Amino acid sequence: MSRFGRDKRLLKTDEFSSVFNFRCSVRGEYLQVLGKRNDLPQARLGVVVSKKLAKQAVRRNTMKRIVRETFRLNDGELGGLDVIVWPRQVFGHEEAAAVRTELLELFRRIRRKCRASSSS
């Protein structure tokens, strides 16, 4: 069983900043995904959900949980990338299936886009 341990998370401000500054991103209806190559064998995830978007902590935590679980089950596809997922609109358990499908597609697109931009 795959876990979502510390080695698979973006933890420090500098790690988040480097991904934000790299400016490699893709957007969907629910989410925006930013990515940057790292020199590690595994992918790392950061999730940013603002209080402005979802005022209740329960909502923010539900959104993060859905994103983390999708990442945990599919992180093998993203090996060597730091990824930040940034929700664009509020979603909950009702929209979870649509969000998972969108996130998997965004993961495929960000992998292609970031690898292309890092080699040029």
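**Note on the predicted model**

1. F107 is buried, its relative accessible area being 1%. Buried means under 20% relative accessible area, exposed over 50%, and partly exposed in between (1.4 Å probe, protein chains only).

2. This is a predicted model, in which local features need pLDDT of at least 70 and side-chain atom pairs count only at pLDDT 80 or more, while totals for chains, interfaces and linings use all residues. Residues are numbered from 1 along each chain as its sequence is written, and side-chain values use heavy atoms, with hydrogens and water left out.

3. Four strands make up an open sheet with mixed pairing, in the order β1-β2-β4-β3. The edge strands, each pairing on one side only, are β1 (25-27) and β3. Strands are DSSP runs of E (at least two residues) and helices are runs of H or I (at least four), numbered from the N terminus; two strands pair if DSSP finds at least two bridges between them.

4. Strand β3 (residues 44-47) contains R44. β3 and strand β4 (residues 81-87) run parallel and are joined by four bridges. Helix α2 packs on the sheet and touches β2, β3 and β4, with its direction at about 165° to that of β3. Contact means heavy atoms within 4.5 Å; angles run from 0 to 180 degrees between N-to-C directions, and axes are lines fitted to C-alpha atoms, for helices over the stretch in contact.

5. Which residue of β4 is the bridge partner of R44? The partner is D82, and the side chains of R44 and D82 are also joined by a polar contact of 2.8 Å. A polar contact is a pair of N or O atoms within 3.5 Å; within protein, one must be able to donate a hydrogen and the other to accept it, and residues adjacent in sequence count only if both atoms are side-chain atoms. R44 counts as buried because its relative accessibility is 13%.

6. The structure holds three aromatic pairs. One of them, F20 with W86, is edge-to-face, at 5.6 Å centre to centre and 80° between the planes. Rings of Phe, Tyr and Trp (its six-membered ring) pair if their centres lie within 6.5 Å; planes under 30 degrees apart count as stacked, over 60 as edge-to-face and the rest as tilted. F20 is partly exposed, at 27% relative accessible area.
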